[in-house]
Amino acid sequence: MAENRFDVVALGELLIDFTSSGLSSQGNPLFEANPGGAPCNVLAMLTKLGRSCAFVGKVGEDLFGHLLQNVAAQAGICMDYLVFDRTVRTTLAFVKTFPNGDRDFSFYRAPGADMMLTEEELPLDIIASSRIFHFGTLSMTCEGVRRATCKAIDCAREGGALISFDPNLRPPLWDDLETARAQISYGLARCDILKIAGNELEFMTDETDFDKGAAMLREKYPNIRLLNVTAGSEGSYSYYGNERVFVPACKLGGTIETTGAGDTFCACVLNFVLEHGLDGMTEKNLRSMLSFANAAAYLVTTRKGAIRSMPERKQVEQLLTNASTCTNRTLQ
């Protein structure tokens with residue numbers, strides 16, 4: 001097997017999130033162009049943690065495409081394998097933020113450049129030599145890029161990489177939800193590490209109890225070695241072997257929006273796996289992993305955007321120290 005070049009290679013969408021930013025002097029809504037896209041968000045946090053990362057995907061040969069390339073490169077992500085499409089524009093998303101920080105997305109992607117990636121454009125040697133390959137389902141919403149995603153997964157598995165999957169379900173982007181369910185099932189059957197949101201777990205299992213839903217997935221997909229469920233402002237769960245751990249979320253106020261929080265969480269989990277491996281994880285390991293991931297995700301919710309909003313390791317550690325100090329004082 002070739003020597004590993006990158007810690008994590010991710011494939012998928014790279015887009016502009018137009019986030020609500022108040023009103024103009026004339027009373028018109030203002031939107032801030034925030035670089036984003038779930039797989040690249042994950043890589044942006046990983047680079048903050050000192051990991052070597054590369055992104056595989058496609059943008060338009062336009063203003064936004066070049067902006068995305070530059071911002072991701074400035075974040076420390078290798079963008080050598082980004083492809084530019086001369087005929088299809090970069091995907092855009094307009095994000096409506098609710099008072100509690102949740103969001104509603106309106107996508108301009110019919111088609112968008114990220115959908116146009118082909119098998120022939122994949123850097124197979126780079127994918128095969130990665131330590132972890134990460135993907136979601138926005139690259140599985142249409143046939144061409146779906147074939148590219150499947151080929152990349154097979155290539156990574158053959159090269160010995162761990163496979164990380166985040167369904168990142170966006171219903172408006174699917175022709176029908178049965179196709180979405182089938183493609184999520186495809187990813188579940190091939191991953192070693194799963195990050196899944198509570199609503200996605202319910203979508204796949206019809207079960208609102210996270211323990212029961214996780215048990216159903218682990219029984220059906222025994223390949224999943226580490227299964228993490230994010231429960232928004234409540235916290236997160238981890239299932240590994242016979243261990244089940246829950247860590248509550250940081251609730252310190254100041255939430256602006258939740259864009260990128262799940263991706264930040266996912267990145268912290270992958271960093272923990274890179275540090276400790278997937279073998280012999282203990283309850284203490286899982287609790288430490290979730291605590292760090294929850295804290296990092298919280299910090300992102302206090303900022304706008306995603307790629308440019310990722311916290312430094314020291315900021316996460318300081319938050320955990322402060323939270324521990326406050327808890328100890330309360331207990332005394």
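**A walk through the sheet and its helices**

T149 touches L11, F135, S139 and M140 once residues up to four places away in sequence are set aside. In this predicted model, T149 has its place in helix α4, which spans residues 143-159. With a relative accessibility of 0%, T149 counts as buried, because the cut-off for that class is under 20%.

Nine strands form an open sheet with mixed pairing, and their order is β5-β4-β1-β8-β9-β10-β11-β12-β13. At its edges stand β5 (82-85) and β13 (243-248), each of which pairs on one side only. From one strand to the next, the twist averages 15 degrees. Within this order, strand β11 (residues 226-230) and strand β12 (residues 235-240) are paired in the antiparallel sense, a pairing that extends over 4 bridges. In this pair, N228 stands opposite S238 in β12.

Helix α6, made up of residues 198-205, packs on the sheet, where it touches β10 (193-197) and β11, and its direction makes about 100 degrees with that of β10. E200 lies in this helix α6 and is buried, with a relative accessible area of 4%. Apart from its neighbours within four places in sequence, E200 is in contact with D166, P167, N168 and L169. As for D175, it is 25 residues apart from E200 in sequence, and the two are 17 Å apart in space, C-alpha to C-alpha.

Which residues of α2 are buried? They are G65, L68, V71 and A72, and these lie on the same side of α2 because they cover an arc of only 135 degrees around the axis. As background to this pattern, an α-helix has 3.6 residues a turn, so residues three or four places apart point the same way. On the other side of α2, by contrast, L63 and Q74 are exposed. The buried residues of α2 find their packing partners in β2 (15-23), β3 (29-36), α1, β4 and β5.

Both ends of α2 can also be described. Just after α2, G76 takes a positive phi of about 95 degrees.

Strand β2, one of the elements against which the buried residues of α2 pack, contains T19. Is T19 buried or exposed? T19 counts as buried, because its relative accessibility is 2% and the cut-off is under 20%. The side chain of T19 makes a polar contact with the side chain of N34, at 3.0 Å. N34 is also one of the residues with which T19 is in contact when its neighbours within four places in sequence are left aside; the others are L30, F31, E32, V95, T97 and E257.

Methods: Residues numbered from 1 in each chain as written. Predicted model: local features only at pLDDT ≥ 70, side-chain atom pairs only at ≥ 80, totals over all residues. Heavy atoms only, no water. Pairing = 2+ DSSP bridges. Helix = DSSP H or I, 4+ residues; strand = E, 2+ residues; numbered from the N terminus. Axes fitted to C-alpha atoms, helices over the stretch in contact; angles between N-to-C directions. Contact = heavy atoms within 4.5 Å. Buried < 20%, exposed > 50% of the residue type's maximum accessible area, 1.4 Å probe, protein only. Arc of directions from axis to C-beta. Polar contact = N/O pair within 3.5 Å; in protein donor to acceptor, adjacent residues only side chain to side chain.
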